[in-house]
Structure formats: structure tokens, C-alpha cells
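Reader: I would like a close look at one part of this structure. Please pick a single place where two elements meet and take me through it slowly.

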Amino acid sequence: MTTDAPPPPASSTASVPAQPTTESFAEMQRSAEFGELRRSYRSFAFPLTIAFVAWYLVYVLLSNYAGDFMGTKLFGNINVALVLGLAQFLTTFRIAWWYARHAARELDPKAEAIKARMEAGA
């Protein structure tokens, strides 16, 4: 895709922050600040991922090996399998909402501080 627009004037490129170097990225990765960001992410994401996968596997195993239980009618044509299947969707949305809240409150401010420090030091 091409354009007929002229390039921006040289003075406007002076406001663009300099790009950090490879060495500054490596140094930041070794910093305590980055380690804390990584710990905050992992302490949230890993347990929830394990819990959700376990919950999903329980549902699949019940569906395969506990047909009588899963076929138990709760009311009308609604059985245990349908309720647990819908609970899978609700759990997925709940975890996504919870992660978005956690990221906005805990991860984003730390990441933004790291970004600002990287751009200032570049």
C-alpha cells in the first residue's frame, strides 16, 4: 500500500521516544521489578489454569463414565450434564472477568511503570 502523503517533518520525530536497546531489555528482565510482575502474573494464572483444566476433565470424565449420574433429570428436560455444561461457560466468563480485573489492578500498573522506565532510560 502506498500513499502520496509527504513524510512528517523532522521536528515531529524528535518527540518519539528512543527505542530501548537489547541490553536494556535483558537488564530489565533480570530486575526485581520485572520479577515481581512475572510473579504476580504466574501466581494468578497458573493456579486458575490448573483448576479450570481439572474442572473440565472432571466434566469430561463424568460424561464418559457416569452416564446415569449425568442423565439424572433435575427438572423438566434439564439434567445434570446440561447444568454442568453450562457451568463450564459460566466458569470461563468468570475467570476472564476475574483476570481482566486482576490485570487492571495489579499487572497493568507494574507493566506501565516498567515501560515508562525503559522508555526514559533508552
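This is a predicted model: local features need pLDDT of at least 70, side-chain atom pairs count only at pLDDT 80 or more; totals for chains, interfaces and linings use all residues.

Author: **Around methionine 118**

Leaving aside residues up to four places away in sequence, Met118 touches Pro20, Ser24, Phe25 and Met28.

The helices are α2, residues 22-30, and α5, residues 80-121. Their axes come within 11 Å and cross at roughly 145 degrees. The crossing of α2 and α5 is right-handed. On the α2 side the contact is made by Ser24, Phe25 and Met28, and on the α5 side by Ile114, Arg117 and Met118. By type, the residues of this contact divide into four nonpolar, one polar and one charged. Arg117 is the charged one and Ser24 the polar one.

The largest nonpolar core has six residues: Met28, Leu37, Ala103, Leu107, Ile114 and Met118. Helix α5 gives the largest share of this core, four residues.

Now for the setting. The chain has five helices and two strands, and read along the sequence they follow the pattern α-α-α-α-β-β-α. Of the 122 residues, 17% are buried. Among contacts between residues at least 6 apart in sequence, 64% join residues at least 24 apart. The accessible surface of the chain comes to about 9300 Å², and carbon and sulfur atoms account for 66% of that surface.

How values were computed:
Residues are numbered from 1 along each chain as its sequence is written. Side-chain values use heavy atoms; hydrogens and water are left out. Axes are lines fitted to C-alpha atoms, for helices over the stretch in contact, and angles run from 0 to 180 degrees between N-to-C directions. A crossing is left-handed if the near helix is turned anticlockwise from the far one by less than a right angle, and right-handed if clockwise. Contact means heavy atoms within 4.5 Å. A nonpolar core is a set of buried Ala, Val, Leu, Ile, Met, Phe, Trp, Tyr and Cys residues joined through side-chain atoms within 4.5 Å. Buried means under 20% relative accessible area, exposed over 50%, partly exposed in between (1.4 Å probe, protein chains only). Accessible areas come from the Shrake-Rupley method with a 1.4 Å probe; for residues, only the protein chains shown count as cover.
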